[in-house]
Amino acid sequence: MINDLPAGLTARHPTAEDHLRVLAVLDRWWDGLKGEAGAIERALLLPRLYFQHFTTTSFLVERPDGELSAFLVGFLSQSEPDVAYVHFVGVDPALQGQGVGSALYRAFFALVRAHGRRYAHCVTSPENTASQAFHTRLGFMAAPVRPDYDGPGLDRVAFTVDLVPHPTRPTRRLRVLDAVLALEHHPGSREPRGNDWLALVRAPEGLTVIRVADSSAPPADRWIALYDADPNHGLDEPGLLAAVLTPLARAAIPVFTASTYHADLVLVPEQLHDQALAALRSAGYEIS
């Protein structure tokens with residue numbers, strides 16, 4: 001089932017009888033991370049239903065004597081038809097660093113691609129830095145820590161990886177405009193004074209102004225702007241704005257957009273500058 005495991009290890013899909021075996025190793029394999037609260041949290045993440053209803057997209061690895069070595073519990077999203085989800089993965093610490101976890105993920109990726117899924121998602125706790133480093137090495141893109149993601153006090157780091165790269169697609173280039181920008185809303189429709197504004201949008205509720213931010217603007221109100229470095233693509237070329245916004249959305253980066261005749265201006269918070277550029281580079285963009 002998985003051909004690139006270390007010698008002597010074999011993989012299969014789990015069954016309901018494997019549920020208690022997996023629960024029995026969790027605390028030891030996680031070395032008591034987060035104490036008693038962590039042990040309860042991990043056990044609650046793996047109820048028996050995962051070993052009854054998600055077996056065909058999950059894997060279990062054993063030694064020749066049948067001792068449990070690793071597992072991956074994953075499933076196909078029912079609400080997002082292009083997404084698969086890795087719910088829980090564990091590897092015996094004695095086998096870590098030997099490629100077991102990577103082999104499990106590659107097997108899962110191949111399986112879900114065969115089902116037409118393009119993206120794989122997963123989360124980990126902010127305290128689990130080893131897991132974060134592992135997923136980054138596999139090509140996952142991390143979003144900023146999401147407070148209370150799984151409930152009060154249960155913060156998470158969310159990851160996404162694109163399983164269907166497009167090597168033949170021409171590389172698109174974006175450039176970061178020099179000025180840091182600010183967004184303003186004017187209830188009336190009069191144009192603002194001065195010439196430091198970049199864009200004006202009139203709407204029934206008033207005037208939206210994109211202008212150069214001054215030094216007094218608080219960090220939360222400062223934005224950087226991304227613009228197509230090859231803007232003359234024509235108005236009839238579809239999907240260009242969506243192609244930029246999708247990796248930013250998956251990385252939980254808020255945006256503000258303004259379209260021009262030739263291209264689109266995409267603003268992202270200056271505080272998330274590094275995460276935004278990393279998300280776009282992971283999606284194949286060149287940034288200048």
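Predicted model: local features only at pLDDT ≥ 70, side-chain atom pairs only at ≥ 80, totals over all residues.
Residues are numbered from 1 along each chain as its sequence is written, and side-chain values use heavy atoms, with hydrogens and water left out.

**Exercise 1.** Find the strand order of the open sheet and its edge strands.

*Solution.* 
- Strands (E, at least two residues) and helices (H or I, at least four) are DSSP runs, numbered from the N terminus.
- Two strands pair if DSSP finds at least two bridges between them.
- The seven strands of the open sheet have the order 1-2-3-4-5-7-6, with mixed pairing.
- Strand 1 (10-12) and strand 6 (141-142) are the edges: each pairs on one side only.
- Strand 1 runs antiparallel to strand 2 (residues 59-62), joined by three bridges.
- Ala-11 has Val-61 in strand 2 as its bridge partner.

**Exercise 2.** Describe how helix 1 and helix 2 pack.

*Solution.* 
- Axes are lines fitted to C-alpha atoms, for helices over the stretch in contact; angles run from 0 to 180 degrees between N-to-C directions.
- Helix 1 (residues 19-29) packs with helix 2 (residues 35-44) at about 150°, their axes 10 Å apart.
- The two helices are therefore roughly antiparallel (angles over 145 degrees).
- Contact (heavy atoms within 4.5 Å) involves Leu-23, Leu-26 and Asp-27 of helix 1. Helix 2 contributes Ala-39, Arg-42 and Ala-43.

Note on methods. Parallel < 35°, antiparallel > 145°, perpendicular 65-115°, else oblique.
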